Amino acid sequence: MYNDVFVEQLVKHKLRLKNILIKVLAIVAAVFITLTVWLITPTYSYIIFTAAVLLAYLIFRSQDYEFEYIFTNGDLDVDRIVAQRRRKRVMSTDCRSINVMAPCTEAYEHLTKKYDIVRTVDYSSSPKSENRWFFIFTGGSGAQVKVIFEPGKRLLEAMKFELKDKVKE
């Protein structure tokens with residue numbers, strides 16, 4: 001009998017002020033570049049216009065992304081999917097390297113002080129999300145990394161089963 005565990009979950013990233021500003025700046029830059037080139041050399045302005053619009057579109061689309069959590073038999077992978085087209089693995093870890101896991105609340109903030117955290121990464125939909133959790137794991141170089149994520153019920157249950165006493169609630 002096999003006891004394989006496989007849980008997938010998609011979390012759509014909510015636009016933040018930074019993302020909106022990048023989108024607006026991309027459009028403003030495209031218009032500015034097009035107008036500047038049109039004033040200097042009107043002959044090539046249509047080529048520059050096309051390139052500027054294409055670049056603005058690509059920048060605009062790159063701000064729409066989501067995270068996919070994939071939990072398979074004790075291994076957690078996090079992929080970043082940009083514009084529902086490009087996928088890139090941003091993190092992969094084995095549950096054995098996770099030191100502690102808890103909800104992202106002030107009540108559990110003291111747990112992070114026990115570790116020498118080198119960097120913190122946020123793979124949740126928004127810093128204001130209510131169902132955010134964190135875990136601290138030891139990376140390949142021995143550095144402690146704090147990961148903030150937003151697990152659903154099935155993913156949380158699978159991870160709790162695998163981590164057992166490392167999960168704080």
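1. Which residue's side chain does the side chain of Thr93 join in a polar contact? The partner is Ser97, and the contact spans 2.6 Å. The model is a predicted one, and the remarks below should be read with that in mind.

2. Thr93 belongs to strand β4, which covers residues 86–94. With a relative accessibility of 7%, Thr93 counts as buried, because the cut-off for that class is under 20%. Neighbours within four places in sequence aside, Thr93 is in contact with Gly74, Asp75, Leu76 and Asp77, and also with Ile98, Phe135 and Phe137.

3. The largest nonpolar core has 28 residues, and Tyr69, Met101, Phe135 and Met159 touch the most other members. At least two residues each come from the strands β1 (6–12), β2 (65–72), β3 (75–82), β5 (98–103), β7 (133–138) and β8 (144–149), and from α3 (153–163). The top contributor is α3, with five residues.

4. Another core lies apart from the largest one and has seven residues, including Leu111, Phe134, Ile136 and Ile148.

5. Nonpolar side chains tend to be buried together in soluble globular proteins. Helix α1 (residues 17–40) provides the largest share of the patch, six residues.

Methods: Residues numbered from 1 in each chain as written. Predicted model: local features only at pLDDT ≥ 70, side-chain atom pairs only at ≥ 80, totals over all residues. Heavy atoms only, no water. Helix = DSSP H or I, 4+ residues; strand = E, 2+ residues; numbered from the N terminus. Core = buried A, V, L, I, M, F, W, Y, C linked by side-chain atoms within 4.5 Å. Buried < 20%, exposed > 50% of the residue type's maximum accessible area, 1.4 Å probe, protein only. Polar contact = N/O pair within 3.5 Å; in protein donor to acceptor, adjacent residues only side chain to side chain. Contact = heavy atoms within 4.5 Å.
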